[in-house]
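The following paragraphs lead the reader through a structure step by step. Please keep the sequence and the three-dimensional view at hand while reading.

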Number of protein chains: 2
Amino acid sequence: MSHTLGIRQAQKQKTRQAFLDAALALLEEQSLSSLGLREVTRAVGVAPTAFYRHFRSTADLGVALVDEALGSLHPMVRTTVSTTGDSEERIARAVELIARHVDAYPAHVRFIARERHGGVQPVREAIRAQLQRFAEEVKAELAKDPEAAGWSDDDLLMLAHLYVDQMLITASLFLEALEAPAQERERVAQLATRQLRLISIGRTHWPD
Amino acid sequence: MSHTLGIRQAQKQKTRQAFLDAALALLEEQSLSSLGLREVTRAVGVAPTAFYRHFRSTADLGVALVDEALGSLHPMVRTTVSTTGDSEERIARAVELIARHVDAYPAHVRFIARERHGGVQPVREAIRAQLQRFAEEVKAELAKDPEAAGWSDDDLLMLAHLYVDQMLITASLFLEALEAPAQERERVAQLATRQLRLISIGRTHWPD
DNA sequence: TCATCCAGTTAACAACTGTTCTCTGGAATT
DNA sequence: AATTCCAGAGAACAGTTGTTAACTGGATGA
């Protein structure tokens, strides 16, 4: 049973979301550490002081953006890795899925790539924690595969991190190619596919 | 025969270098897009207007920092990849070399990791161009290896990019572990070693 | 119905920003 | 020795910033 929010709470959440959306748009052309509080309130169309009703600082807003950008991604990642079919099919599906995600949420992807090593410590920390969770989820899925027989937990996590990092690199490349001709995007897809293929081969022959 | 600079030019270069050093120090706790011109001149100890004698803008200063941080790295990368010995020795040496570089130039590494996807377009472009050069140099070295027989140019470049990205990821992990206990840094070294090992295995079995 | 709450407003603060123009004094050139 | 050059200084500009305090008025709960 879902609880219907009061008019007041609903309006507050609406404004909060407007803050997140406006910030995400502004962050396409700058980093979080240069994002001003007044800049955001101006974009939302609200008084500067209203900001404090929702966030302590822009860093706090950034952490909220991390949750929005990565929080909803967990189920997708899990189903991607656990997809059935042979190795080649799974690679093609993963690349396709990354491309679609970048198309659907370019600002989210840009934000994560930009702030992962950005100048705001709490945000870096939040991203690091979420990516750690991703890696552990991927590891759990990898462990189910019969190919994982004889793999140590450490090695599975090592491979999971390799996949997660590769996912981010690929997403970033698709992002750069967003406004480029289809041919360029296809080139990125081919590159990512072959890199995943090479990793997959390394995985198969691991305990040589 | 080296040309001795006049007193004037020498002093100018000295001040310019002071700008680069001060900026790099300030950028440990923020991004380039939030770095103020006055902030830098204050750190150097000169008047704000002196900045314009050396750079058009902070973005321009950022591009100069890219050259300083990556320009001197080319010979090192080349010799690393072309190092003789079996695969395992080369991996160990590469990881060791990355760790030492992070120890020696942590601010450079932080700057590149931060601004590679940062909010200043000309700087992103400069980093992208340099990394492209790195990849092509690595590719040229890979091509010399007898193991590269039967590899297409495209596949060699694909593998080279994989190595370059992996190098950056590893450097970034070492950076995070800079002030951590030696045990943590060893964990990073082990992780990077095994990831490179897996890639190396994939490379060996590539045209399966 | 009435008192309470609280998201958003208004006004004001000192401090800071990038950029301009004018000036200075020592190096470089003739 | 006289002239030109030019890195850096100084002062002033209109705008911007984050944060504070006291307020308003509609939703909320007794």
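In which helix of chain A is A:Asp165 found? A:Asp165 belongs to helix α8 of chain A, which covers residues 153–176. Helices here are DSSP runs of H or I with at least four residues, strands are runs of E with at least two, and both are numbered from the N terminus. The model is a predicted one, in which local features need pLDDT of at least 70 and side-chain atom pairs count only at pLDDT 80 or more, while totals for chains, interfaces and linings use all residues. Residues are numbered from 1 along each chain as its sequence is written, chains are lettered from A and ligands numbered from 1 in the order in which they are written, and side-chain values use heavy atoms, with hydrogens and water left out.

Consider chain A as a whole. Chain A has 9 helices and 0 strands. Its C-alpha trace spans about 65 × 45 × 35 Å along the principal axes. Of its 208 residues, 48% count as buried; buried means under 20% relative accessible area, exposed means over 50%, and partly exposed lies in between (1.4 Å probe, protein chains only). Contacts (heavy atoms within 4.5 Å) also show how the chain folds back on itself in sequence terms: among those between residues at least 6 apart in sequence, 66% join residues at least 24 apart.

A:Asp165 can now be examined in more detail. A:Asp165 counts as buried because its relative accessibility is 9%. Its side chain is joined to that of A:Arg116 by a polar contact of 3.1 Å. A polar contact is a pair of N or O atoms within 3.5 Å; within protein, one must be able to donate a hydrogen and the other to accept it, and residues adjacent in sequence count only if both atoms are side-chain atoms. Not counting residues up to four places away in sequence, A:Asp165 touches A:Arg116 and B:Ile169.

The next topic is the interface of the two chains. In chain B, 36 residues are in contact with 36 residues of chain A. The area buried between the chains is about 3000 Å², and carbon and sulfur atoms give 62% of this area. Buried area is the accessible area (1.4 Å probe) that two parts lose on being put together, summed over both. B:His117, B:Arg194 and B:Leu198 supply 22% of the area that chain B buries against chain A, more than any other three residues.

On the side of chain B that touches chain A, the elements giving two or more residues are α6 (106–115), α7 (121–144), α8 (153–176) and α9 (182–204) of chain B. Of these, α8(B) gives the most, with 11 residues. B:Gln166 lies in helix α8 of chain B. B:Gln166 is buried, because its relative accessible area is 4%. Leaving aside neighbours within four places in sequence, B:Gln166 is in contact with A:Leu162, B:Gln195, B:Leu196 and B:Ile199.

Side chains of opposite charge can pair when their charged atoms come close. A salt bridge is a side-chain nitrogen of Lys or Arg within 4 Å of a carboxyl oxygen of Asp or Glu. Across the interface the rule finds 4 salt bridges. A:Arg194 forms a salt bridge with B:Asp155, with the closest N and O atoms 2.6 Å apart.

How many salt bridges does a search of the whole structure find over all chains? The search finds 30. Among them is the pair of A:Glu28 and A:Arg110, with 3.3 Å between the closest N and O atoms. A:Glu28 lies in the loop between α1 (7–26) and α2 (37–44) of chain A and A:Arg110 in helix α6 (residues 106–115), so the pair ties together parts that are 82 residues apart in sequence. With a relative accessible area of 35%, A:Glu28 is partly exposed.

A:Glu88 and A:Arg197 meet in another salt bridge, at 2.6 Å from N to O. Because A:Glu88 lies in helix α5 (residues 87–104) of chain A and A:Arg197 in helix α9 (residues 182–204) of chain A, this pair ties together parts that are 109 residues apart in sequence.
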